[in-house]
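Subject: Structure for you to look at

Hello,

Here is the structure I said I would pass on. My notes follow below it.

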Amino acid sequence: MRNYILRRLALMLVSLVGVSIIIFVSIRLVPGDVVSLMMGQQGDMAAGQAEQLRKLFGLDRPMYVQYLDWAGDLMRGDFGVSLRSGRPILPDILLRAPITLELAILSALIAFFFSIPIGIFAAVKRDSLPALFAQVGSLGGLSIPAFWLGTMVILFSSRYLHYYGGGTYISPREDLIGNLRMFILPALVVGFSLAAALVRYTRSAMLEILGEDYIRTARAKGLWDRRVVLHHALPNAMIPIITVLGLQIGFLLGGVVVIESVFALPGMGRLVVDAINQRDYPMVQGVILLLTFVVMVTSLVVDLLYAYVDPRVRYQ
Amino acid sequence: MSNSEINKKNPQLNFTRRQFLNLSAVSLGALTFGNLLASCSQATEVTTEVPATALPLPTATPTGPKSGGILMSAAETNPTGFDPHKVLSLSSQSVCEQVYDTMFELDPNLNVVPRLCKSYETPDDKTYIFHLEEGVLFSDGTELTSEDVVFSINRMLDPESGARAAWFGSVETLEAVDKVTVKMTTSIPYAPMINNLANAFNGIVSKKFTEANNNNLDQVMMGSGPFTLAEYIPDQLVRLERNPKYWRKDKPYLDGSTAKIIPDDQGRVAALRAKEVDDAWFIDAKVAELFQNDPEYVVYEVPVLTHASTWINCSVEPLTDVRVRQAMSYAIDRQAFLDTVAFGKGVLTGPIPAPEKEWALPVSDYPQYKQDKEKAMALLKEAGAEGATIQLKVSPQYVLDTGNAQVLQSQLKEVGINLELVTVEWGNLLDAWFASDFEMLNLLMLGQPDPDGYTWGRFHSTSAGNFAKINDPDLDKLLDTQRSTLDRTTRKNVLADVQRKIVELTPMLYYYCYYVWGIFRPYVKGVTPMANSSGVYLMNEWLDK
């Protein structure tokens with residue numbers, strides 16, 4: 001097990017170097033550099049200043065020099081300074097990371113706790129009316145775009161509950177209730193679409209397993225239905241569910257941009273989209289690299305979880 | 001709008017006889033100042049509000065301004081930095097103009113009025129003597145003197161610290177004559193100087209404070225303005241606090257102003273509905289409609305300086321021929337652009353945006369603004385450019401740009417010009433624009449501190465911003481003349497000729513300036529919307545609750 005983890009970590013390091021090069025080059029290949037974007041429509045007014053600014057930002061140097069410079073600073077834990085705001089990057093990322101993390105975890109929890117029972121139910125009582133509702137509901141969750149649902153939710157809550165809550169982050173250490181109030185609506189919206197996928201995976205995994213011979217054997221022994229489902233079928237159905245959940249968390253960490261914008265949550269998604277739109281190179285590089293790292297760690301954790309849910313899985 | 005309609009929208013307007021008389025007195029005063037209130041920023045609802053600074057008369061509100069309270073606003077984006085001499089974004093301007101004072105300021109009609117500089121003389125065309133207000137303190141308690149003014153203007157000019165060389169490049173010498181007098185000489189007579197000194201990007205900083213911060217003002221702010229920056233958390237909020245040492249009596253009325261950063265339109269709508277913010281601004285007419293008949297909100301409609309336009313590259317065939325460019329100008333019906341793309345919510349404009357009332361010629365002065373397809377086709381025939389195919393670059397960044405492109409395409413088709421739309425990403429479009437790598441290009445152009453920016457800056461053959469590559473000696477001469485004419489009335493006449501000449505030469509097609517909408521809770525008083533999107537009169541706002 002330990003060797004396996006070490007091997008994975010070493011691989012991770014190699015991947016990170018590769019990813020860092022790809023990010024570094026690709027963001028620079030996008031037309032319109034940070035200076036162009038900074039001048040924007042005022043370019044006619046600021047026309048004389050472009051070269052001076054590029055020099056100031058060190059963008060006139062060869063690309064490999066810029067990369068080595070950045071990578072060297074990174075080794076020392078220095079993520080650099082945002083070209084757009086002039087603020088150091090790491091503190092700005094750390095300011096947003098807890099917000100995205102909390103949203104991802106809450107949404108995943110909501111999705112997990114709703115989807116597993118519903119998925120099991122939809123499989124066990126597959127011909128019943130409630131199971132049909134579960135099926136239709138999950139189809140809805142997959143098809144309804146989160147930004148639309150989010151917009152409807154905030155319009156409803158602001159109009160009838162007089163609550164919006166976006167804009168400023170309330171730390172759970174300061175005010176847990178306030179913090180949860182802030183996150184509950186976006187987490188429900190994200191959780192809903194996530195749950196929709198999980199319900200379908202759970203249902204199909206359960207249906208497959210419930211048809212297996214060992215389930216029939218368990219039933220033949222005279223075991224209760226509940227015991228058969230929860231102790232014999234569910235653990236085996238968990239493998240695809242955990243895989244999906246793991247992948248989704250990676251997606252959540254970088255992909256809830258729209259929800260963050262609609263609910264004005266100051267998270268990583270907004271940070272990275274703004275940075276890309278403004279070609280704030282060091283910011284894009286810093287955030288994407290960090291997100292890559294988190295996704296890699298998540299997938300490692302998911303892989304390790306397999307060993308717990310499925311005794312047949314062994315890591316050498 | 002009838003009076004009863006106004007009353008429905010704004011419960012504040014149920015006048016008593018005395019209040020009505022007061023208001024009439026104010027309006028009359030406004031008339032004598034040449035500032036008919038109804039025309040203040042052309043803001044429909046502004047007719048009900050009295051900008052206290054512009055008009056030194058008692059306000060018509062029943063109780064008069066009350067001090068105290070925190071104004072909660074919703075802002076769309078983060079400030080991009082706080083160094084007043086470097087930043088260019090409106091989001092940064094909105095903070096800088098609260099924390100720093102400028103030498104002059106613009107009143108709601110965009111006329112220059114005194115601020116730190118209470119008066120000035122120009123003994124000759126190249127010398128300015130500025131007299132500063134006495135007893136002005138920075139928020140740290142130190143006195144603002146002529147040394148700080150000299151230091152600030154030098155800092156704007158220095159490429160290491162400032163980015164304002166384009167505006168102040170003509171400054172030759174700067175001297176602090178005594179504590180409250182500054183003498184400036186310029187290498188050429190330079191008319192934009194005063195307007196540039198009124199621009200929010202050109203705030204006066206403290207020499208001592210700036211030097212103590214190693215000339216780096218990106219993250220720290222300390223000025224003599226009505227507010228101080230108390231807190232900034234990116235993507236969350238900008239919190240301003242009242243500067244208790246502010247030199248204008250009783251100002252600002254608010255104890256503070258907090259802007260929550262809410263990028264999404266629907267998010268700002270929700271925050272308004274949930275009453276978590278007192279005001280928010282929108283470009284979308286549909287959003288304004290949501291609040292239009294709701295007594296819990298007051299809607300301000302303001303035309304802005306941003307103008308929808310198409311750049312024409314005068315150095316590529318067949319656009320080198322002025323007749324082809326003129327043909328396009330005659331071929332289009334500008335009102336149709338405004339009606340179909342901006343739902344009629346805006347005003348038609350020429351080279352200087354229509355809300356710049358001091359300088360802009362009315363569009364009725366341009367014969368080319370009357371659609372004449374036959375003339376257009378005759379001009380094309382004369383130039384041998386019938387059936388020409390021309391490429392137009394446009395970015396989906398702004399829906400108005402793409403909308404205008406489609407209308408232009410269909411209207412030019414009617415005179416036989418085949419306009420090929422090329423949609424490119426925003427950054428790509430900007431690069432093409434800077435490099436004049438286009439035949440035609442659609443872009444919403446922003447306001448400038450001085451008419452020089454709309455004219456000399458864009459079309460003088462030696463200007464770095466002449467992306468249309470126009471080179472016309474007569475135009476150059478006119479442009480130089482407006483730049484060196486210090487007398488405002490004479491300059492206005494020259495600028496009228498300049499605008500006619502630009503429309504005649506057509507290096508750009510101008511369509512309209514659109515409206516923006518400020519949605520406010522009714523207890524926010526003293527609101528003064530500005531066409532240049534400035535919030536400089538936040539110091540006059542107060543809360544009636």
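**Contact between chains A and B**

The contact is made by 44 residues of chain A and 45 residues of chain B. Please keep in mind that this is a predicted model. On the side of chain A that touches chain B, six helices each supply at least two residues: α2 (34-39), α3 (43-46), α6 (89-124), α8 (146-160), α12 (257-262) and α13 (268-277). α8(A) gives the most to that side, with five residues. Sorted by class, the side of chain A that touches chain B holds 18 nonpolar, 18 polar and eight charged residues.

**Nonpolar core**

The largest nonpolar core has 226 residues, and W311(B), W433(B) and W517(B) touch the most other members. Helix α9 (residues 176-210) of chain A provides the largest share of this core, 15 residues. Apart from neighbours within four places in sequence, W433(B) is in contact with G43(A) from chain A, and with W311(B), F438(B), L441(B), L443(B) and F467(B) from chain B.

**Packing of α13(A) on α14(A)**

α13(A) packs against helix α14 (residues 281-309) of chain A at an angle of about 140°, and their axes are 9 Å apart. The two helices, α13(A) and α14(A), are therefore oblique to each other, and their crossing is left-handed. From α13(A), the residues M268(A), L271(A), V272(A), A275(A) and I276(A) meet M283(A), V284(A), V287(A), I288(A) and L291(A) of α14(A). This contact of α13(A) with α14(A) has ten nonpolar residues, with no polar and no charged ones.

Regards

Methods: Residues numbered from 1 in each chain as written. Chains lettered and ligands numbered in written order. Predicted model: local features only at pLDDT ≥ 70, side-chain atom pairs only at ≥ 80, totals over all residues. Contact = placed C-beta atoms within 7 Å. Helix = DSSP H or I, 4+ residues; strand = E, 2+ residues; numbered from the N terminus. Nonpolar A, V, L, I, M, F, W, Y, C, P; charged D, E, K, R; others polar. Core = buried A, V, L, I, M, F, W, Y, C linked by C-beta atoms within 7 Å. Buried ≥ 20, exposed ≤ 12 C-beta atoms within 10 Å, placed from the backbone. Axes fitted to C-alpha atoms, helices over the stretch in contact; angles between N-to-C directions. Parallel < 35°, antiparallel > 145°, perpendicular 65-115°, else oblique. Left-handed = near helix turned anticlockwise from the far one by under 90°.
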